[in-house]
Amino acid sequence: MVGKTGKPQGKRSSAEGRARPRRQRLAPEERRVQIVAAAKELFVTEGIDHVSMRKIARRVGITQAAIYQHFENKEAILFVIIEDFFGELRTALDAVLAAEVGPLERLRRAMRAYVEYGLSRPEEYRLVFMTPMSGLVRAGVAVPRTEEALVKPSQGSLAFDVLDGAVREVVARGIVRHGNTELLTEAIWAAGHGLVSLLITHDHFPWSDRKAVIDLQIDLVFRGLLRDNCPMRVEMFSPG
């Protein structure tokens with residue numbers, strides 16, 4: 001049957017069919033994974049402040065109303081990204097700390113593992129550590145010692161606790177200058193974070209050999225930790 005326009009009625013042209021693709025129906029968990037992946041890409045390329053829920057939904061291919069069935073806002077999506085990041089960091093730290101070596105060497109290896117992990121995922125590191133999000137403090141990621149974090153620890157809190165436990169082992173040996181484990185943990189983390197963030201944000205700087213820079217930085221940190229009369233200063237830092 002032919003209509004007034006001369007086109008067959010009841011039958012779409014191939015062009016019209018391509019113009020209106022049928023949305024793929026996914027299981028809720030699959031859709032959440034898809035939303036997180038799209039949001040991560042947009043956060044990295046455009047910056048969190050310039051990304052809206054509408055833009056994320058459009059990238060995924062769903063309506064703005066549909067995305068709110070999975071996440072209440074973009075901060076909730078970012079939190080999932082952060083939890084995944086810290087969960088894998090925690091796994092990397094646990095693997096290093098399981099080595100059958102002394103507590104000080106385990107702590108050194110943990111610091112190196114942290115640095116290498118951060119450098120292997122620079123864009124995610126930027127999102128996690130270089131994005132001011134006050135809500136993350138309440139979630140216990142930025143401040144793992146909050147009351148809420150103790151009741152319901154985040155992956156960030158748990159990862160921090162892994163490092164804190166390694167520091168407590170070293171303090172118990174009586175070989176470091178300070179007995180304040182919280183202060184030591186913060187200082188070691190700050191040194192590692194400073195190194196990672198500097199190498200990420202200034203990747204075009206004409207650095208010396210990157211591995212040499214990392215090795216020396218870690219050595220300097222641990223030289224400063226050990227007591228002056230500690231025999232391990234000679235054992236760990238002797239040339240060759």
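Trainee: Why is R108 called buried?

Mentor: R108 has a relative accessible area of 16%, and buried means under 20%, exposed over 50% and partly exposed in between, with a 1.4 Å probe and protein chains only, so R108 counts as buried. Keep in mind that this is a predicted model, in which local features need pLDDT of at least 70, side-chain atom pairs count only at pLDDT 80 or more, and totals for chains, interfaces and linings use all residues. Residues are numbered from 1 along each chain as its sequence is written, and side-chain values use heavy atoms, with hydrogens and water left out.

Trainee: What makes the pair of D219 and R108 a salt bridge?

Mentor: The term requires a side-chain nitrogen of Lys or Arg within 4 Å of a carboxyl oxygen of Asp or Glu, and the closest N and O atoms of D219 and R108 are 3.0 Å apart, so the pair qualifies. This pair links distant parts of the chain, with D219 in helix α12 (residues 210-225) and R108 in helix α6, 111 residues apart; helices here are DSSP runs (H or I, at least four residues), numbered from the N terminus.

Trainee: How do you know that the span of helix α5 agrees with its number of residues?

Mentor: The expected span is 1.5 Å times one less than the number of residues; for the 24 residues of helix α5 (residues 74-97) this should be 34 Å, and the end C-alpha atoms are 35 Å apart, which agrees.

Key. Helices (H or I, at least four residues) and strands (E, at least two) are DSSP runs, numbered from the N terminus.
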